[in-house]
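Thanks, everyone. I have one structure to go through today, and I will take it piece by piece. Please have the sequence and the model in view.

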Amino acid sequence: MASNADFVQYIADQCSEAGEIVAKKMFGDYGIYCDGKIFGLICDDRFYLKPTEAGRKLLRIVDMRPPYDGAKDYFYIADVDDRDYLSQLVSETCKELPKPKQKKCL
């Protein structure tokens with residue numbers, strides 16, 4: 001089941017204080033990016049955050065789940081209504097994630 005576009009936009013809006021948030025459609029669901037770094041997935045109207053130590057320290061509840069069959073575990077974020085909390089969680093998570101690789105020009 002794919003994610004509802006309204007839910008995807010809601011998550012993007014909730015994380016918006018962390019930086020420039022963009023959701024991109026991927027395989028029927030969405031990857032979500034902050035300032036060019038992919039930090040999470042939105043699958044079946046559920047928000048998943050890449051696991052980092054900074055994120056783990058901020059989480060109110062640590063719930064690890066795969067966002068889709070065969071995926072590695074991500075932090076499952078059930079409480080998506082606290083904008084300040086989500087923005088801080090995304091901001092701190094992104095500090096630990098590598099910069100995106102530069103695309104090579106042909």
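Predicted model: local features only at pLDDT ≥ 70, side-chain atom pairs only at ≥ 80, totals over all residues.

Let me start at a turn. Strands β3 and β4 make a hairpin that has two residues between them. Aspartate 44 sits in that turn, with a positive phi of about 50 degrees.

How much of β3 is buried? Six of its seven residues are, so the strand is largely enclosed by the rest of the structure.

On to the neighbouring hairpin. β2 and β3 are also antiparallel, with five bridges. This hairpin has two residues between the strands, and aspartate 35 takes a positive phi near 50 degrees. Tyrosine 33 has isoleucine 38 of β3 as its bridge partner. Tyrosine 33, in β2, also stands opposite valine 22.

β1 and β2, where β2 covers residues 29-34, are antiparallel and joined by six bridges.

Now the whole sheet. In what order do the six strands lie? The order is β1-β2-β3-β4-β6-β5, in an open sheet with antiparallel pairing. The edge strands are β1, residues 21-26, and β5, residues 64-65, and each of these pairs on one side only. Helix α3, residues 83-96, packs on the sheet and touches β2, β3, β4 and β6. The direction of α3 makes about 35 degrees with that of β4.

The next item is helix α1, residues 5-14. Which of its residues are buried? They are Val8, Ile11, Ala12 and Gln14. Looking down the axis of α1, these buried residues fall within an arc of 165 degrees, so they line one face of the helix. What do the buried residues of α1 pack against? Their partners are β1, β2, β3, β4 and α3.

Last, the rings. The count comes to two aromatic pairs. One of them is phenylalanine 39 with phenylalanine 47, an edge-to-face pair at 6.3 Å centre to centre, with 85 degrees between the planes. Phenylalanine 39 counts as buried because its relative accessibility is 0%, and phenylalanine 47 counts as buried because its value is 1%; the cut-off is under 20%.

Tyrosine 48 and tyrosine 76 form a tilted pair, 5.6 Å centre to centre and 45 degrees between the planes. Tyrosine 48 is in β4, residues 46-49, and tyrosine 76 is in β6, residues 74-77, so this pair ties together parts that are 28 residues apart in sequence. Are these two tyrosines buried or exposed? Both tyrosine 48 and tyrosine 76 are buried.

One more charge over a ring, and then I am done. The charged end of arginine 60 sits over the ring of tyrosine 85, 3.8 Å from its centre.

Technical notes
Residues numbered from 1 in each chain as written. Heavy atoms only, no water. Phe/Tyr/Trp six-rings, centres within 6.5 Å; stacked < 30°, edge-to-face > 60°. Buried < 20%, exposed > 50% of the residue type's maximum accessible area, 1.4 Å probe, protein only. Helix = DSSP H or I, 4+ residues; strand = E, 2+ residues; numbered from the N terminus. Lys NZ or Arg CZ within 6 Å of the ring centre and 35° of its normal. Pairing = 2+ DSSP bridges. Contact = heavy atoms within 4.5 Å. Axes fitted to C-alpha atoms, helices over the stretch in contact; angles between N-to-C directions. Arc of directions from axis to C-beta.
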